[in-house]
Amino acid sequence: MKIFLLILLTIFLNTGILLGQESFRSNIQSKDSNQIVNSVFDDIELSIREGNVPRLSKYLGAQTYFSLSNGVNGYYSPNQAYYILEDFFNLYKVTAFKFNQISKDKTNPYATGTFSFDNKGKRNTAKVYISLKKIGDKWNITQLTIN
């Protein structure tokens, strides 16, 4: 009977320790994921602020949805999206950009911000919405709205 209790106690303790380790590992992975998402949004924010299309285009997936204030709406391939963004930033010269809110949802993180620009000598602002999705080991922009 003592041996049975000893075996049962050993199994219980090992299971508890293993579950605790798994929970600890899960917390670390969650923090790493949040840091990566923060880093991606920081890079996207800087890319937009600079109007740097090559830098921004590295986050474009196979199909990215655009809704832009110049009338562009729809899904575009990375190559098409590159030229759409290039045209957009040439037309709307960025004067400032900052994310106001970042949601780090594990499956669909998004950010909203304010885009200040100069268009034909007039200064104006627009709201920005960007959502991400992890495909493989890379975060891609799934939607970019500037209106």
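How many bridges join strand 5 to strand 6, and in which direction do the two strands run? The points below take this up, along with the rest of the chain.

1. Strand 5 (residues 122-135) and strand 6 (residues 138-146) run antiparallel and are joined by eight bridges. Within this region, Lys 133 faces Asn 140 of strand 6.

2. The model is predicted. Mean pLDDT for the protein chain is 86, with 79% of its residues at 70 or more. Residues 21-29 have pLDDT below 50, and this stretch makes zero contacts in the model beyond near neighbours in sequence.

3. The protein chain holds three helices and six strands. Starting at the N terminus, the order of elements is α-α-β-β-α-β-β-β-β.

4. The six strands make up an open sheet with mixed pairing, in the order 2-1-6-5-4-3. Strand 2 (73-76) and strand 3 (93-103) are the edge strands, each pairing on one side only. On average, neighbouring strands of the sheet are turned by 20 degrees against each other, with direction ignored.

5. Helix 3 (residues 78-91) packs on this sheet. The helix touches strand 1 (60-68), strand 2, strand 3, strand 4 (110-119) and strand 6, and its direction makes about 35 degrees with that of strand 1.

6. Is Glu 45 buried or exposed? This residue belongs to helix 1 (residues 2-50). Glu 45 counts as buried because its relative accessibility is 9%, under the 20% cut-off. Leaving aside residues up to four places away in sequence, Glu 45 touches Phe 97, Lys 98 and Phe 99. A polar atom of the Glu 45 side chain lies 2.6 Å from the backbone nitrogen of Phe 99.

7. Lys 120 sits in the loop between strand 4 and strand 5. Its phi is positive, at about 55 degrees, although Lys 120 is not a glycine. Lys 120 has 75% relative accessibility and therefore counts as exposed, the cut-off being over 50%.

8. Some totals for the protein chain follow. Of its 147 residues, 32% are buried. Among contacts between residues at least 6 apart in sequence, 41% join residues at least 24 apart. The accessible surface comes to about 9,200 Å², and carbon and sulfur atoms account for 55% of that.

Key
Residues numbered from 1 in each chain as written. Predicted model: local features only at pLDDT ≥ 70, side-chain atom pairs only at ≥ 80, totals over all residues. Heavy atoms only, no water. pLDDT = per-residue confidence, 0-100. Contact = heavy atoms within 4.5 Å. Pairing = 2+ DSSP bridges. Helix = DSSP H or I, 4+ residues; strand = E, 2+ residues; numbered from the N terminus. Axes fitted to C-alpha atoms, helices over the stretch in contact; angles between N-to-C directions. Buried < 20%, exposed > 50% of the residue type's maximum accessible area, 1.4 Å probe, protein only. Polar contact = N/O pair within 3.5 Å; in protein donor to acceptor, adjacent residues only side chain to side chain. Areas by Shrake-Rupley, 256 points an atom, 1.4 Å probe, with all protein chains shown as cover.
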